[in-house]
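Please look over the model shown here before reading the notes that follow, which are grouped by topic.

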Amino acid sequence: MSLDDSINKLNDYDWGWWPFVFLRPAKNVTISVARLALMALLYGVVYGIAISVFLVSTGRSSAGRIPLFVGPAVLLFFVGWGLLFRPSWNRRAARLGAEQAPRG
């Protein structure tokens with residue numbers, strides 16, 4: 001099994017997309033930069049706030065610092081998915097006869 005196949009196996013699990021399963025395109029549709037940005041924004045905000053709440057509740061940070069965790073979380077998702085998951089997904093989409101992803 002190739003690295004792309006292993007990554008796409010992870011990409012295909014619903015739990016990996018929860019709670020935004022609606023963002024997952026069909027396997028033959030590429031993930032555009034716009035879709036990647038939307039995914040990073042939604043997941044980054046959710047996880048950034050969750051990390052912030054955890055740090056505030058454990059006394060490791062103050063509530064006023066919450067925005068400091070959200071921005072880097074969005075950036076981390078954008079760069080991480082852009083470097084790891086998106087290329088594998090898009091190579092598979094190309095093999096399956098890629099359709100242009102809808103704009104927006």
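In this briefing, a contact means heavy atoms within 4.5 Å. The model is a predicted one, in which local features need pLDDT of at least 70 and side-chain atom pairs count only at pLDDT 80 or more, whereas totals for chains, interfaces and linings use all residues. Residues are numbered from 1 along each chain as its sequence is written, and side-chain values use heavy atoms, with hydrogens and water left out.

**Overall architecture**

- The protein chain holds 4 helices and 0 strands, where helices (H or I, at least four residues) and strands (E, at least two) are DSSP runs numbered from the N terminus.
- Read from the N terminus on, the order of elements is α-α-α-α.
- Of the contacts in the protein chain with a separation of 6 or more, 67% are between residues 24 or more positions apart.
- Buried residues make up 31% of the 104 residues; buried means under 20% relative accessible area, exposed over 50%, and partly exposed in between (1.4 Å probe, protein chains only).

- Helix α2 (residues 33-57) has 25 residues and reaches 35 Å from its first C-alpha to its last, close to the 36 Å expected at 1.5 Å a residue, the expected span being 1.5 Å times one less than the number of residues.
- The buried residues of α2 are Arg35, Leu36, Met39, Ala40, Tyr43, Gly44, Gly48, Ser52 and Leu55, and just after this helix glycine 59 takes a positive phi of about 80 degrees.
- Tyrosine 43 touches Gly16, Trp17, Trp18, Pro19, Phe20, Gly48, Phe77 and Trp81, when residues up to four places away in sequence are not counted.

**Surface**

- The accessible surface of the protein chain comes to about 6500 Å², of which 69% belongs to carbon and sulfur atoms; such areas come from the Shrake-Rupley method with a 1.4 Å probe, and for residues only the protein chains shown count as cover.
- Leucine 83, which lies in helix α3, counts as exposed because its relative accessibility is 66%.
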